[in-house]
Amino acid sequence: MTMQPASTEIASRTAAIIQEMKGLEGPLLPILHEIQEEFGHVPQAALPVIADGLNLSRAEVHGVVTFYHDFRARPAGRHVLKLCQAEACQSMGSDSVAAKIKQLLGIGFHETTSDGSVTLEPVYCLGLCACSPSAMLDGEVIGRLDSEKIDEILAEVRS
């Protein structure tokens, strides 16, 4: 049995995803989401396959991937913590919340802890403006962040 190189494996699975979804109207974003779901990120090796499969330039695909903050170039940690940095949350102290979490985790935005337990990302509005400052942990929204909730979040991501 011969093992395929990782880039060949990525290319073949990417091509299959494109084949499944290219009939959609505006298929690029759904394809990118599916690829990220499959691999945990959008691998560089997938970009030329997507461009060829959708008859786009590599620059167009790269531009979309880098424009949207939800697409990652590297796999995320086991938990993804998104902190709202929009104006309403800023006015209610999200900057100090972010500073405390960054200090306690030892990472900045767009980084993953060395043990791979958590990736920290900024987000610009979770729709919880009346409950700011807010965050999202693994898809679950959390409002009215305070020291106690920060401690609970960090205990959960480190367990």
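Here are some numbered notes on the structure above, taken element by element.

1. A word on the ground rules before the details. This is a predicted model, in which local features need pLDDT of at least 70 and side-chain atom pairs count only at pLDDT 80 or more, while totals for chains, interfaces and linings use all residues. Residues are numbered from 1 along each chain as its sequence is written, and side-chain values use heavy atoms, with hydrogens and water left out.

2. Let us start with helix 2 (residues 28–39) and helix 3 (residues 46–54), which pack at an angle of about 150° with their axes 12 Å apart. Helices (H or I, at least four residues) and strands (E, at least two) are DSSP runs, numbered from the N terminus. Axes are lines fitted to C-alpha atoms, for helices over the stretch in contact, and angles run from 0 to 180 degrees between N-to-C directions. The angle makes helix 2 roughly antiparallel to helix 3 (under 35 degrees is roughly parallel, over 145 roughly antiparallel, 65 to 115 roughly perpendicular and the rest oblique).

3. Helix 2 brings L28, I31, L32 and I35 to the contact, and helix 3 brings A46, I50 and L54; contact means heavy atoms within 4.5 Å. By class, these residues are 7 nonpolar, no polar and no charged (Ala, Val, Leu, Ile, Met, Phe, Trp, Tyr, Cys and Pro count as nonpolar, Asp, Glu, Lys and Arg as charged, and the others, Gly among them, as polar).

4. Q36 is buried, at 12% relative accessible area (buried is under 20%, exposed over 50%, partly exposed in between, with a 1.4 Å probe and protein chains only). Neighbours within four places in sequence aside, Q36 is in contact with H41, V42, D70, F71 and R72.

5. On to the sheet: 5 strands make an open, mixed sheet in the order 2-3-1-4-5. Two strands pair if DSSP finds at least two bridges between them. Strand 2 (111–112) and strand 5 (140–142) are the edge strands, each pairing on one side only. Strand 4 (residues 135–137) runs antiparallel to strand 5, joined by 3 bridges, and L137 has E140 of strand 5 as its bridge partner.

6. Helix 6 (residues 94–105) packs on this sheet, where it touches strand 1 (79–84) and strand 3 (118–123), and its direction makes about 150° with that of strand 1. Helix 6 also meets helix 7 (residues 147–158): their axes come within 11 Å and cross at roughly 35°, in a right-handed crossing. The residues in contact are V97, K100, I101, L104 and L105 of helix 6 with S147, I150, D151, L154 and R158 of helix 7. They divide into 6 nonpolar, 1 polar and 3 charged.

7. Some backbone details deserve a look. In the loop between strand 3 and strand 4 sits P133, and the peptide bond from S132 to P133 is cis, with omega near -5°. C125 lies in the loop between strand 3 and strand 4 as well; its phi is positive, about 110°, although C125 is not a glycine. C125 is partly exposed at 40% relative accessibility.

8. R144, another non-glycine residue, has a positive phi of about 50°. R144 is placed in the loop between strand 5 and helix 7, and it is exposed, with a relative accessible area of 52%.

Technical notes. A crossing is left-handed if the near helix is turned anticlockwise from the far one by less than a right angle, and right-handed if clockwise.
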